[in-house]
Amino acid sequence: MLVLEYKVKGRQQQYRAIDQAIRTTQFIRNKAIRYWMDAPREAKIDKIALNNYSTALRKEFGFVKDLNSMACQAATERAWLSITRFYDNCKSNKPGKKGFPKFQKDNRSVEYKTSGWSLHLTKRRITFTDKKGIGQVKLLGKWDIHTYPVKCIKRVRLVRKADGYYCQFAIDVEVKSVQRTGNGEIGLDVGLEYFYSDSNGHHEENPRFLRKAEKAIKHAQRQIYKKEKGKNQRRIARHRYAKKHLRVSRQRNEHALRLARCVCKANALVAYENLNVKGMVRNHCLAKSINDVAWTLFRRWLEYFAAKFNTQVVAVNPKMTSQKCSDCGAIVKKSLSTRTHKCSCGCQLHRDVNAAINILNLARQARDGQSRSNAVGVGTSTLLGATLVEQVAM
Ligand SMILES: [Zn+2]
């Protein structure tokens with residue numbers, strides 16, 4: 001499934017109509033949850049029952065009837081999704097909260113399926129044909145939706161964001177598997193000093209724009225609480241904050257995507273630390289928390305591009321990776337402030353590069369089994385390193 005996103009341009013009155021459709025979706029979803037909660041134990045509520053319920057709601061409420069019938073179904077499907085998630089968590093006995101479905105208060109999207117809209121044949125315009133009164137809006141974006149046959153468009157979703165309205169098309173196409181450009185093997189170590197350091201000795205810098213934007217965000221956030229509650233000033237401050245936040249999360253995503261694509265494209269094996277990011281985020285060091293968010297994104301994109309480029313990604317246990325000597329295996333104790341790894345065997349490396357080589361070695365062990373990886377060892381890593389630098393530079 002491929003998702004193309006456009007910014008929507010319309011008149012104020014059309015935006016209000018989109019808001020109405022979004023509110024209706026939330027109404028249907030919450031009603032469906034309530035229906036499921038109140039149902040007697042012996043009544044089996046399933047996806048079909050909820051779908052039928054959406055039909056009943058259409059008869060009861062005029063504003064529900066105004067929304068396209070398949071969009072109504074999509075709304076009850078959302079309810080069904082949160083119900084099944086809860087059931088699955090109970091069944092698998094997931095530790096902690098099971099995620100009992102909640103009533104939604106801040107829904108920001110409405111989803112149409114294959115009806116209720118039509119695309120303009122040549123221009124970038126879409127018309128919503130149900131009775132919500134959205135009508136025809138312009139689509140702004142660099143994609144060309146017309147290169148895909150209309151029957152491939154499975155969902156059309158309107159989303160409200162801090163800086164306006166967006167239209168997303170979910171297109172059912174085979175994502176072409178792309179040719180990898182190299183067969184390198186690489187280990188990545190995340191640190192505070194750099195975004196990551198790899199086993200070839202390359203340090204990827206932390207993007208400065210993020211650090212700068214993060215400061216501006218904190219400032220904007222404080223401004224909200226300085227304004228009186230319920231006042232217009234406060235609403236404006238909140239909007240300003242949301243816009244800044246949206247901008248930086250886009251930049252961060254873009255950055256993580258670009259790096260992950262680069263790494264997966266050039267390597268057959270990518271090893272990284274299996275960090276407990278969930279536990280790590282809870283700390284007071286700002287710089288660190290920024291990195292954690294970026295790293296989680298990066299990891300997600302690594303997995304995405306790994307599938308695309310047929311690259312193997314391995315998460316290894318980070319225990320001792322920074323203390324162990326990557327050359328002879330001796331433990332060289334060092335505190336966080338010690339930036340260089342110096343071993344009595346003569347091996348001297350940047351602390352994070354040493355860790356990255358250890359991570360790569362661990363991943364190779366996991367792949368090949370203990371004996372073979374010892375035989376291959378460091379020799380290949382330097383050899384591969386030489387070719388890799390060229391690939392990354394491409
Ligand atoms: Zn050593």
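**Figure 1. Salt bridges across the predicted model.** A search of the whole structure, which is a predicted model, finds 13 salt bridges. Five residues, namely Glu77, Glu111, Lys113, Arg155 and Arg157, are linked in a network of such bridges. Among contacts between residues at least 6 apart in sequence, 68% join residues that are at least 24 apart. The chain exposes about 22,600 Å², with carbon and sulfur atoms supplying 53% of that area.

**Figure 2. The salt bridge between Lys161 and Glu5.** In this view Lys161 forms a salt bridge with Glu5, and the closest N and O atoms are 2.9 Å apart. Because Lys161 lies in strand β6 (residues 153–161) and Glu5 in strand β1 (residues 2–9), the pair ties together parts of the chain that are 156 residues apart in sequence. Lys161 is partly exposed, with a relative accessible area of 23%, and Glu5, at 27% relative accessibility, also counts as partly exposed.

**Figure 3. The salt bridge between Arg367 and Glu185.** Here the side chains of Arg367 and Glu185 meet in a salt bridge, at a distance of 2.7 Å from N to O. The pair links distant parts of the chain, with Arg367 in helix α9 (residues 351–368) and Glu185 in strand β8 (residues 184–189), 182 residues apart. Arg367 counts as partly exposed at 34% relative accessibility, whereas Glu185, with a relative accessible area of 13%, is buried, the cut-off for buried being under 20%.

**Figure 4. The salt bridge between Lys231 and Glu228.** The side chains of Lys231 and Glu228 meet in a salt bridge with an N to O distance of 3.4 Å. Lys231 has 45% relative accessibility and therefore counts as partly exposed, while Glu228, with a relative accessible area of 55%, is exposed, since exposed means over 50%.

Figure 5. Lys334 is found in the loop between β12 (312–316) and β13 (340–342). Leaving aside neighbours within four places in sequence, Lys334 is in contact with Ser322, Gln323, Thr340, His341, Arg351 and Asn354.

**Figure 6. Cysteines at positions 325, 345 and 347****.** A disulfide is a covalent bond between the sulfur atoms of two cysteines. With a cut-off of 2.5 Å between cysteine sulfur atoms, the count comes to zero disulfides. Cys347 is accordingly in no disulfide, and the nearest cysteine sulfur, that of Cys325, is 4.1 Å away. Cys347 counts as buried at 8% relative accessibility, whereas Cys345, at 40% relative accessibility, counts as partly exposed.

Conventions. Residues numbered from 1 in each chain as written. Predicted model: local features only at pLDDT ≥ 70, side-chain atom pairs only at ≥ 80, totals over all residues. Heavy atoms only, no water. Contact = heavy atoms within 4.5 Å. Areas by Shrake-Rupley, 256 points an atom, 1.4 Å probe, with all protein chains shown as cover. Buried < 20%, exposed > 50% of the residue type's maximum accessible area, 1.4 Å probe, protein only. Helix = DSSP H or I, 4+ residues; strand = E, 2+ residues; numbered from the N terminus. Salt bridge = Lys/Arg side-chain N within 4 Å of Asp/Glu carboxyl O.
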